[in-house]
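Subject: Structure handover

Hello,

Here is the structure you asked about. Please open it beside this email and follow along.

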Amino acid sequence: AVIAALAAHPDARLSAALARPGSDVIGRDAGVQAGVGPLEISISGDLAGADFDVLIDFSRPPAALACVEHCARQGRGGVIGTTGFDAAGRAQIAKASATVPVVFAPNMSVGVNVGLRLVELATRLLDEQFDVEVVEAHHGNKVDAPSGTALALGEAVAQARGRRLEDCAVYGRHGNTGIRPPGSIGFAALRGGDIVGEHTVLFAGPGERVEITHRAWSRAIFARGAVRAARWLAGREAGLYDMQDVLG
């Protein structure tokens, strides 16, 4: 999807394509693999030989961190769309951003990032009589839960209330849980089929309910956002940015 988005962009160009070592796509033409026709760029399993201005990564945390470290050594920018990092991984990305510009966002979709602002606004306008639940659904192959986007939505609520998410988050419920703790932010994660990504923030108040929902039908939305971020990042000063920065 990223390769196809680059091929369609008027002001960006694919210079290298990478897959994990041992992948059966190594050596294939990147454009053919992406369904956009030959680009005369072979997919490689070795980052060392890649020439680029900005690297776009959607992989797993260990690979993403290796990419960030390579960017820092080479003085190149990085766009990180991978999720599931622990605190040490996030700290490693922040350290690299002291040397090079990095866009690090749990979701590259423009629509999701608009949704984050809407959630922040709704939280400020609705008092704590409104209970907040974050519900997300993804395909059965997703390995982290809740999703990075769900956590970002919960973080937006917590910050708007002047609280820390780790102090008020409730991840799933089972058994005799007792009454809902006032001010808590609940999370529920659904996994199945080929769901690209769905997120709902539910504000349940006395006598009424507000829901803010984003549904993704295609991974192309994440790819287009990542390419937009890469183009924005080119030539930018070192620092840690997110999609809110990219969108202004």
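Which residues in helix 3 meet which residues in helix 4? Leu65, Val68, Glu69 and Ala72 in helix 3 touch Gly89, Gln92, Ile93 and Ala96 in helix 4. Contact here means heavy atoms within 4.5 Å. By class, this contact has five nonpolar, two polar and one charged residues. Ala, Val, Leu, Ile, Met, Phe, Trp, Tyr, Cys and Pro count as nonpolar; Asp, Glu, Lys and Arg count as charged; the others, Gly among them, are polar.

Some ground rules. This is a predicted model, where local features need pLDDT of at least 70 and side-chain atom pairs count only at pLDDT 80 or more, while totals for chains, interfaces and linings use all residues. Residues are numbered from 1 along each chain as its sequence is written, and side-chain values use heavy atoms, with hydrogens and water left out. Helices (H or I, at least four residues) and strands (E, at least two) are DSSP runs, numbered from the N terminus.

Helix 3 covers residues 61-74 and helix 4 covers residues 87-96. They pack at an angle of about 15°, with axes 9 Å apart. Axes are lines fitted to C-alpha atoms, for helices over the stretch in contact, and angles run from 0 to 180 degrees between N-to-C directions. The angle makes helix 3 roughly parallel to helix 4. The cut-offs are under 35 degrees for roughly parallel, over 145 for roughly antiparallel and 65 to 115 for roughly perpendicular, with the rest oblique.

Now the second pair. Helix 5 and helix 6 pack at an angle of about 30°, with their axes 8 Å apart. That makes helix 5 roughly parallel to helix 6. Among the contact residues are Val112 and Leu116 of helix 5, and Thr149 and Ala152 of helix 6. The contact divides into eight nonpolar, two polar and two charged residues.

Two backbone details come next. A cis peptide bond joins Ala145 and Pro146, with omega about -10°. Pro146 sits in the loop between strand 6 (131-138) and helix 6. Glu40 is not a glycine, yet it has a positive phi of about 60°. Glu40 lies in the loop between helix 2 (30-34) and strand 2 (43-44).

What share of the lining of the second largest pocket comes from helix 6? Helix 6 gives seven residues, the largest share. By class, that lining has 16 nonpolar, eight polar and eight charged residues.

Best wishes
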